[in-house]
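Visitor: Please show me the chain, and then let me ask what lies behind the terms used for it.

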Amino acid sequence: MSKSAQAYWAANLRLLIVCLVIWFVVSFGAGILFAEPLDGIRLGGYKLGFWFAQQGSIYVFVVLIFFYAWRMGKLDREFDVHED
């Protein structure tokens, strides 16, 4: 594998790890581990821990999908592996 291909996959894996860590912190952390402390905050009449477990995590997941697609497009153009 060439150095360029190795650099591309290393950047791809870094991006994937960052997205997975955010996904884990939001879904497991905010929805389960930190639900009780977050319940002291209200959002739209609902406890924040409950809101994250039911709706907030879904919003974050959708944002992560668009962020990943946008960032991969930039990486593909940077390493000249993009499709036109």
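Guide: What follows sets each term against its definition.

Visitor: What should I know about the model and the numbering?

Guide: This is a predicted model, in which local features need pLDDT of at least 70 and side-chain atom pairs count only at pLDDT 80 or more, while totals for chains, interfaces and linings use all residues. Residues are numbered from 1 along each chain as its sequence is written, and side-chain values use heavy atoms, with hydrogens and water left out.

Visitor: How many helices and strands does the protein chain have, and in what pattern?

Guide: There are 3 helices and 2 strands, and along the sequence the pattern reads α-α-β-β-α. Both kinds of element are DSSP runs numbered from the N terminus: helices are H or I with at least four residues, strands E with at least two.

Visitor: Why are H1 and H3 called roughly antiparallel?

Guide: The axes of H1 (residues 3-33) and H3 (residues 48-78) cross at roughly 170° and come within 8 Å. Angles run from 0 to 180 degrees between N-to-C directions, with axes fitted to C-alpha atoms, for helices over the stretch in contact. Under 35 degrees counts as roughly parallel, over 145 as roughly antiparallel, 65 to 115 as roughly perpendicular and the rest as oblique. H1 and H3 are therefore roughly antiparallel.

Visitor: Which kinds of residue make up the contact of H1 with H3?

Guide: The contact divides into 18 nonpolar, 5 polar and 2 charged residues. Ala, Val, Leu, Ile, Met, Phe, Trp, Tyr, Cys and Pro count as nonpolar, Asp, Glu, Lys and Arg as charged, and the others, Gly among them, as polar.

Visitor: What makes Ser 57 count as buried?

Guide: Buried means under 20% relative accessible area, exposed over 50%, and partly exposed in between (1.4 Å probe, protein chains only). Ser 57 has 8% relative accessibility, so Ser 57 counts as buried. Ser 57 is placed in helix H3. Leaving aside neighbours within four places in sequence, Ser 57 is in contact (heavy atoms within 4.5 Å) with Val 26, Ser 27 and Phe 52.

Visitor: Is Arg 42 buried or exposed?

Guide: Arg 42 has a relative accessible area of 53%, and therefore counts as exposed. Arg 42 is in strand E1 (residues 42-43). The C-alpha atoms of Arg 42 and Asp 76 are separated by 41 Å, the two residues being 34 apart along the chain.

Visitor: How much of the protein chain is buried?

Guide: Buried residues make up 27% of the 84 residues.
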